[in-house]
Amino acid sequence: MDGKRDKAQETEVAKITAELLKSRTGEFDLESILFLKLRGLGIYDLGCVGECMNLERLDLSGNNITNLTPLSSLRLLISLNLSANRITSLEAISSCYSLQNLNVAGNLINSIENLHCLQPMRNMESIRLNDNLYNYTNPVCKNSAYRNVLLEMFPNIKVLDGERVVGRGSDLYQLCKDIDDTIKEGMARNGQTVEVPECKPWVEDGYWDIKRSNSAIVDEAYKQFSDVLHECKLLNSRAAHAIAQTERALTAKSQPKQYSV
């Protein structure tokens, strides 16, 4: 698992503290933190992160986390990246009802039973246990049935392991696959395959297998870019507010004092 960490890591910290959160975000009140990125810091103790009650997006990828209990209080969390850690159980985040995007690829989740605790998350749109791009996976992914379990568990899911399962292109994909299967079955029943040995399927074998498409990568990159842009806008707003306050303070100090006679 250590090979999954970025080589150029920042100074490692063992535990998330209030001082760390304030220094990383510039916020003095933990409940004011909406976005938090603590990637590749060697963290194994989530400490006081649960006090960030209004947190919406959290990136803890590339650490040494095993216990998710402090995350159970984050009821407003929308996006959670826990990839490349040492997690064996997801039970603690079952109370994160607002979660829409969950990445736990590159952990130690070893059975389908460990996934059932996610069922209360009715808003889930994207979940990832396997990431071929970074070679992140989980032991449970050796059982191909885990995909069907997740699809049944989350009827509104749009993306599974980075592959779009509903939305743009998915209906056309299924329709074309059904047509292709019907043609093959009809040819086999009519004996055409024997009579015309040169006849081949009109697409290559494996053509309809779901693969990680460039569009999926672009969609994911665009979403990450949008998140970063939103964070930049928030920082710009805070900076403008701080500058305005400083200017007012300097103006007040520069005004000559008036004394009554």
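Reader: What do the buried residues of α2 pack against?

Author: They pack against β5 and β6 (159-160). Before we go on, this is a predicted model, where local features need pLDDT of at least 70 and side-chain atom pairs count only at pLDDT 80 or more, while totals for chains, interfaces and linings use all residues. Residues are numbered from 1 along each chain as its sequence is written, and side-chain values use heavy atoms, with hydrogens and water left out.

Reader: What makes something a helix or a strand here, and how many are there?

Author: Both are DSSP runs numbered from the N terminus: helices are H or I with at least four residues, strands are E with at least two. On that basis the protein has 5 helices and 7 strands. Their order from the N terminus is α-β-β-β-β-β-α-β-β-α-α-α.

Reader: Why is G106 called buried?

Author: Buried means under 20% relative accessible area, exposed over 50%, and partly exposed in between (1.4 Å probe, protein chains only). G106 has 0% relative accessibility, so it counts as buried. You'll find G106 in the loop between β4 (101-103) and β5 (126-128). Its C-alpha is 4.4 Å from that of A84, although the two are 22 residues apart in sequence. Across the protein, buried residues make up 35% of the 261 residues.

Reader: How do you know that the buried residues of α2 line one face?

Author: Helix α2 (residues 145-153) has Y146, V149, L150 and M153 as its buried residues. Take the directions from the helix axis to the C-beta atoms, which is how the arc is defined. Seen down the axis of α2, the buried residues fall within an arc of 95°, so they line one face.

Reader: And what about the buried residues of α1?

Author: In α1 (residues 18-25) they are L20, L21 and T25. They fall within an arc of 110° seen down the axis, so they also line one face of their helix. On the other side of α1, E19 and S23 are exposed. Just after α1 comes G26, with a positive phi of about 80°.

Reader: Why are β1 and β7 called edge strands?

Author: Two strands pair if DSSP finds at least two bridges between them. The open sheet runs β1-β2-β3-β4-β5-β6-β7, with mixed pairing. Its edge strands are β1 (35-37) and β7 (163-164), as each pairs on one side only. Strand β1 and β2 (residues 57-59) have 3 bridges, in the parallel sense, and L36 stands opposite L58 in β2.

Reader: What makes the link between N81 and S83 a polar contact?

Author: A polar contact is a pair of N or O atoms within 3.5 Å; within protein, one must be able to donate a hydrogen and the other to accept it, and residues adjacent in sequence count only if both atoms are side-chain atoms. The side chains of N81 and S83 make one at 2.8 Å. N81 is found in β3 (residues 79-81). Contact in general means heavy atoms within 4.5 Å, and beyond its neighbours within four places in sequence, N81 is in contact with residues including L58 and N103.

Reader: Which residues touch the most other members of the largest nonpolar core?

Author: Such a core is a set of buried Ala, Val, Leu, Ile, Met, Phe, Trp, Tyr and Cys residues joined through side-chain atoms within 4.5 Å. Of the 48 residues in the largest one, L58, L71, L90, I93, L118 and I127 touch the most other members. The largest share, 4 residues, comes from α2.
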